[in-house]
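Subject: Handing over a structure

Dear colleague,

I am passing on to you the structure shown below, together with its sequence. Please look it over before you read on, as the notes that follow it describe what was found.

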Amino acid sequence: MLTFYPKNSFPVRNASHLPEANQLALLSVENLSISFPGSHGWVRVLDNFNLDIAPGESLGIVGESGSGKSVTWLGVLGLLPSARVEGSACMSGTELIGLSERKLASWRGKRIAMIFQDPTSSLNPVHRIGVQIAESLRLHQGLSGAAARTEARRFLERVHIPDAAQKLNAYPHELSGGMNQRVMIALALAGNPDLLVADEPTTALDVTIQAQIVELLKEIRRDTGMALVTISHDLGVIAELADRVLVMYAGRRVEEAPVERIFKSAGHPYTQGLLAAVPQMTGVRRRLVTIPGQTPEASNLPPGCVFAPRCPFSTPACDLSAPSPVSLHRDHWAACWEAEAGRQLFDLTV
Amino acid sequence: MTPLLLETRDLRRVYDVRRGQGAFAPPDQLVAVDGVSLTVRAGETLGLVGESGCGKSTTAKLVLGLIRPSSGQVLFEGEPLTSLRNEIWRRQRRRMQMVYQDPLGALDPRIDAGRQVREPLDILRQGAPSERQDRALALFEAVGLPRACFDKLPQELSGGQRQRVVLARALIMDPSLLVCDEPISALDVSIQAQVINLLMDLQDRLGLGYLFISHDLRVVRQIAHRVAVMYLGRIVETGAPDDLFRAPAHPYTQALVSAIPNLQARLSKRIVLQGDPPSPIDAPAGCAFHPRCPFASELCRHERPALTGKSNGGSVACHHPDRHLSALV
């Protein structure tokens, strides 16, 4: 694949002005910005992003396409060669942004593992499943030969793949999407990471298979105590897997709260609109609330609050300056000038 | 009751496939759709629910006459859908249109949106050119697209706008039936709600019948008047959405409803079906669901259950419809 490397495109380390990283956090992301080269200069898709993840915590990140929810993690793991990544991502005292490729390779998979939406294209189509897991075990745990194979089989059993011994010899195309996602999870577990980032782990799967994978992720988290970041556009998946929820819009954080509060007393109009746009399985059927317009392009963001042009409650102040986070409750804030605790902006009774 | 728009009788579609490699491998039969009978009335939405490979999309193509059934019949507006590509077929096809999942794939990338909407009228030379233009503009307004989008190429539009263009194009021949195959699956959540509301408004205004295919039970509950659940080519349960989703009788429907992720399921145990749906090439004997069903009895392994009526107007194809999976967890 050809990659276009513009001038000065290499990750820039620019953390000198930042305060000391949170010592309690497993991963501490501060002022992370990511820009891609566009036809008229750099386009910033993630803007001054901050996030702390505690060991063993389960965080859900919700957002629509282009909100920056996936690109954050690709940036942290150094997987965006043509992008400009600025800011800091600190894990166990090591700064990941700007780390050499060789050193980063020992972090990927071993400390932070990532699984993606489409498992079949994440696996190598020309290698058997067993070989791919054994390779991961060789890299991360130094196992080889029969030991690696036995361990690979144990990992397949760990993710509840039936006939694990036979499945080691299967190619990805011989397995279903759900089975391949289990293989991906087994691969991720092989490095025994502290943090698993699951990027839309169930989006490509059927409903009943999605439920299987959600239950598997819950179980693995319970048993291993690893921290889990679930990235999804599906509020239901987030509701089940996350303890804390972060809502993103146009490369910015707009709200953060414990999961129950996000669903019961969201403060940001975007979060409220997103919740009201999803049809429900119970209760009276009402007309869906829609958020007018569409997500702005990263190259053409509105001044002030990025949500203001779509927000039914925007005031002239919203167009002037970007809102700073307002605390609504313990561990709950929203970046909105109009947010107040207990205020429901979208009328859900119609 | 409004008139019957669409009726299918015992539709069946079989494909010959070769499972092995080489020219002499024994042929196999893949039964994609097996005995599907359904109806859609004017102004009504029938939601067709099921997982990938269950035959939803094949059913859609059979309904539109895009593929021919191996056996069975499609009746459209009271007359059989002809398999001859003649004048009758062309007249029928104008009255039934399709909306696909991926609007970008359904639109020509090099023709501007307005001309694509007008094109069916141009091809059929219906009305004067200025009338065609006016009609296309009127439809742009009807689907909530700004006038400025008329001269834009599909790539210059957002996902939601593209799906509106596809809808406008489907509506320009003044159809009575729209077959929507996962029409909102490719869209973002906030845009999905816009398109769902639009589909419901258009139905109210134009009295359209919808065959609405989706894997998303929430969306189906929102939009459908009746629901049919498919599993491995057969309809296993039908009913009004609230009856069906509140008290599903078929174990498969029970599992589908239980599989929807939500805040409550965080704490409670859910019914998780084991395994994947079997391949339609070697569908299990008896009830196709029995290998995944915890209630499967000897009867289920040998005899296929027929779709029989329930007291609330729905129907279910199960030998043990009184058993509920939630009793097991």
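The place to begin is the contact between the two chains, where 34 residues of chain A are in contact with 33 residues of chain B; please keep in mind throughout that this is a predicted model. On the side of chain A that touches chain B, helix H8 (207–224), helix H9 (235–241) and helix H11 (269–276) of chain A each supply at least two residues, and it is H8(A) that gives the most, with eight residues. Sorted by class, that side of chain A has 15 nonpolar, twelve polar and seven charged residues.

Turning to the sheet of chain A, you will find an open sheet of eight strands, with mixed pairing, in the order E6-E7-E8-E3-E9-E10-E12-E11 (chain A). At its edges stand strand E6 (112–115) and strand E11 (326–329) of chain A, and each of these has a single partner strand, so one side of each is left without a neighbour in the sheet. From one strand to the next, the twist averages 20°. As a detail of the pairing, strand E10 (residues 252–258) and strand E12 (residues 332–334) of chain A run antiparallel and are joined by two bridges, and in E12(A) the residue that stands opposite Glu255(A) is Ala334(A).

Chain B also deserves a description of its own, and it has eleven helices and twelve strands. Its radius of gyration is 21 Å, which is close to the 20 Å that the globule rule gives for 329 residues, so chain B is as compact as a globular protein of that length. Taken along the principal axes, the box that the C-alpha atoms of chain B fill is roughly 70 × 55 × 45 Å. Of the 329 residues in chain B, 45% are buried, and among the contacts in chain B with a separation of 6 or more, 66% are between residues 24 or more positions apart.

The sheet of chain B is an open one of eight strands with mixed pairing, and its order is E6-E7-E8-E3-E9-E10-E12-E11 (chain B). Strand E6 (96–99) and strand E11 (308–309) of chain B are at the edges, each with a single partner strand, so one side of each has no neighbour in the sheet. Helix H6 (residues 159–171) of chain B packs on this sheet, where it touches E6 and E7 of chain B, and its direction makes about 170° with that of E6(B). Strand E7 (residues 177–181) of chain B runs parallel to strand E8 (residues 209–214) of chain B, and five bridges join them; Val179(B), for instance, has Leu211(B) as its bridge partner in E8(B). Elsewhere, helix H10 (residues 251–259) of chain B lies across strand E9 (226–231) and strand E10 (234–239) of chain B, and runs at about 105° to E9(B).

Finally, chain B is divided into domain 1 (4–95 + 175–327) and domain 2 (111–171), whose C-alpha centres lie 31 Å apart. Their contact takes ten residues from domain 1 and seven residues from domain 2 of chain B. On the domain 1 side, helix H7 (residues 189–206) of chain B gives the most, with four residues, and the residues of that side divide into eight nonpolar, one polar and one charged.

With kind regards

Key:
Residues numbered from 1 in each chain as written. Chains lettered and ligands numbered in written order. Predicted model: local features only at pLDDT ≥ 70, side-chain atom pairs only at ≥ 80, totals over all residues. Pairing = 2+ DSSP bridges. Axes fitted to C-alpha atoms, helices over the stretch in contact; angles between N-to-C directions. Rg over C-alpha atoms; globule rule 2.2 N^0.38 Å. Buried ≥ 20, exposed ≤ 12 C-beta atoms within 10 Å, placed from the backbone. Domains from an automatic or database assignment. Nonpolar A, V, L, I, M, F, W, Y, C, P; charged D, E, K, R; others polar.
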